[in-house]
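Here's a quick briefing to read alongside the model. Keep the 3D view open and look up each residue as it comes along.

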Amino acid sequence: MIRTVRTKNGWVRGIEAADPRITAFKGIPFAAPPVGKNRWRAPVPCRDWEGVRDAFRFAPIAVQDTPGLGDDIYCREWHVDPGIAMDEDCLYLNVWTGAKDAGEKQPVLVWFYGGALQWGYPAEMEFDGERLARRGIVVVTVNYRINVFGFFAHPQITKEQPDAPANFGSLDQQAGIRWVVENIAAFGGDPQNITIAGQSAGGGSVLSQMTCPANGGLFQKAVVMSGMIRSPYGERSVGLPVPMEEAEENGQRFLEFLGVSGLEEARKLDAFFIRDRYAEYAKEHPRMFVAQDGIFCVGDPLALLAKGKHVDVPMMAGNTADEFLNSICAGSQKERRRKAEEIFGEDAERFLQFAEIAGAPMDGSVGTVSGIECTVKSLFLQKKKAGSKQDAYYYRFDADIPGFDAPGTFHSVDLWFFFETLAKCWRPFVGRHYDLARQMCNYWANFIKTGDPNGKDADGSEMPKWLPYTEGTPCEMVFTGQGARPCCKGESEWKRFLMDAVQKQLQQ
């Protein structure tokens with residue numbers, strides 16, 4: 001087993017995982033602390049260190065609202081520790097490896113956590129990389145700046161730092177990938193076989209990295225879980241980059257809210273004071289997200305993918321059955337027609353016909369559908385038409401989830417299964433849930449290795465065949481409480497209508 005590794009900045013010593021055949025290296029610095037003069041700047045290289053650095057514990061999480069306060073579903077699931085260490089000095093990553101020597105060239109996963117770019121951290125217990133590492137994957141989880149520390153913009157920054165005026169959290173992720181390319185061979189990983197993956201805002205971050213012009217060649221595969229968030233009904237969608245001018249105006253308002261005269265004064269303020277003021281500010285003002293700075297972010301990532309302007313690699317993407325469902329139109333028949341005409345234009349009558357066929361009452365709600373599912377499937381077809389030569393695999397997670405709260409397949413619940421970490425959860429999962437988690441983790445590991453999720457289960461039997469999603473074979477993999485179930489029956493007219501609506505949005 002590899003227990004001690006020399007990185008480009010110095011030696012690190014890992015610790016045996018629960019399975020002693022796996023070594024975990026926690027809290028490895030990949031950039032200098034983003035504090036003081038480095039606050040709201042692109043990450044810069046960290047200093048070399050002497051001796052051997054113990055990498056036994058997770059580093060502090062990025063500054064954010066204190067986790068574990070309250071009784072919402074995420075505080076029950078994994079944000080359970082209000083005392084978790086937190087610091088602005090947060091640019092560290094973690095590595096799990098089962099390699100016995102540095103020459104094994106195992107495939108590599110680089111993981112970005114979700115949390116709306118406002119919250120989250122690699123130390124969340126569902127992100128334990130041990131089970132993937134047992135399948136011959138070197139797992140890397142990357143911390144990055146979030147909220148006002150990661151996505152603040154201001155005219156003064158744009159003037160003084162024209163090469164990196166915004167999106168510091170995204171640049172942290174990019175620096176993490178580059179660190180992996182430069183260092184992962186020493187951990188037994190293959191720097192030429194890297195998969196970037198993430199869920200929710202982490203999935204959106206994968207899209208951002210795929211469509212950054214500077215990222216060609218840094219990674220070879222991509223996984224986007226619950227991250228392609230668009231509404232087929234034309235509503236403003238999550239994940240659209242903020243125009244730079246708008247982001248700068250928001251930053252100006254925030255500095256006024258802080259009561260400081262400029263950037264230099266703001267960089268001297270205590271990080272937790274800024275955090276708390278940002279929480280107050282966000283009650284009445286927009287939060288801070290990825291900005292279209294023309295350098296890292298050159299447009300809407302989904303629109304760029306649809307037009308073939310991206311790093312072209314094999315993709316896996318999907319959603320849970322219950323998350324981000326969209327519906328239209330509550331109200332009278334007249335109001336429904338008005339809204340349909342506003343959204344669908346000349347296709348409004350066709351939409352209303354589908355609604356009538358569905359038998360929905362005209363004074364109720366109609367057309368409940370997963371915006372993520374429509375977006376993923378539409379985008380996969382558009383990518384092919386734009387010239388992509390890579391396969392794309394769609395999944396839907398639709399297993400029964402036990403618990404007193406009867407949560408359904410809520411946003412993020414599939415993470416317990418993909419990482420095969422159900423045993424850490426309080427929910428009363430039973431054997432078939434563990435069987436499903438094993439299958440899902442197998443499919444994911446196979447995709448990370450080869451770009452194809454298919455292969456054998458633990459008993460040597462072939463798992464159900466998962467075909468790419470294409471116009472000719474509109475196949476999906478449905479993860480149910482009774483196991484993986486492939487489906488290739490195609491889309492209904494209603495679903496295709498909404499997929500076409502997404503396509504028109506992305507082609508505008």
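This is a predicted model: local features need pLDDT of at least 70, side-chain atom pairs count only at pLDDT 80 or more; totals for chains, interfaces and linings use all residues.

Let's start with one term: a residue is buried if it has under 20% relative accessible area, exposed if it has over 50%, and partly exposed in between, using a 1.4 Å probe and protein chains only.

Residues are numbered from 1 along each chain as its sequence is written, and side-chain values use heavy atoms, with hydrogens and water left out.

**The sheet**

- Helices (H or I, at least four residues) and strands (E, at least two) are DSSP runs, numbered from the N terminus, and two strands pair if DSSP finds at least two bridges between them.
- In general, strands of a sheet pair through backbone hydrogen bonds, either parallel or antiparallel.
- Here, 11 strands make an open sheet with mixed pairing, and their order is β3-β4-β6-β8-β7-β9-β10-β13-β16-β17-β18.
- At the edges sit β3 (15–16) and β18 (483–487), each of which pairs on one side only.
- Now zoom in on β10 (residues 221–225) and β13 (residues 315–320): they run parallel and are joined by four bridges.
- Across this pairing, V223 stands opposite M316 in β13.

**Helices on the sheet**

- Contact means heavy atoms within 4.5 Å, while axes are lines fitted to C-alpha atoms (for helices, over the stretch in contact) and angles run from 0 to 180 degrees between N-to-C directions.
- Helix α5 (residues 168–183) lies across β4 (23–29), β6 (92–97), β7 (106–112), β8 (138–142) and β9 (189–199), at about 165° to β7.
- Helix α15 (residues 431–450) packs on the sheet too, with β10 and β13 among the strands it touches, and its direction makes about 145° with that of β10.

**The cysteines**

- How many disulfides (pairs of cysteine sulfur atoms within 2.5 Å) does a search of the whole structure find? There is one, and it joins C475 to C488, with 1.9 Å from S to S.
- The link is right-handed, with 120° about the S-S bond.
- C475 is in the loop between α15 and β17 and C488 is in the loop between β18 and α16 (493–507), so the pair ties together parts 13 residues apart in sequence.
- C90 is in no disulfide, and the nearest cysteine sulfur, from C46, is 13 Å away.
- C297 is in no disulfide either, with the nearest cysteine sulfur, that of C212, 8.9 Å away; C297 is buried, at 5% relative accessibility.

**A buried loop residue**

- V290 belongs to the loop between α9 (271–281) and β12 (291–292), yet it counts as buried because its relative accessibility is 11%.
- Leaving out residues up to four places away in sequence, V290 touches L117, F151, N167, S170, P241, V242 and C297.
- V290 and V242 are 48 residues apart along the chain, while 6.3 Å separates their C-alpha atoms.

**Two positive phi values**

- Most residues other than glycine have a negative phi.
- K105, in the loop between β6 and β7, has a positive phi near 55° and is exposed at 58% relative accessibility.
- E420, in the loop between α14 (415–418) and α15, has a positive phi of about 50° and is buried, at 15% relative accessible area.

Key: A disulfide is a pair of cysteine sulfur atoms within 2.5 Å.
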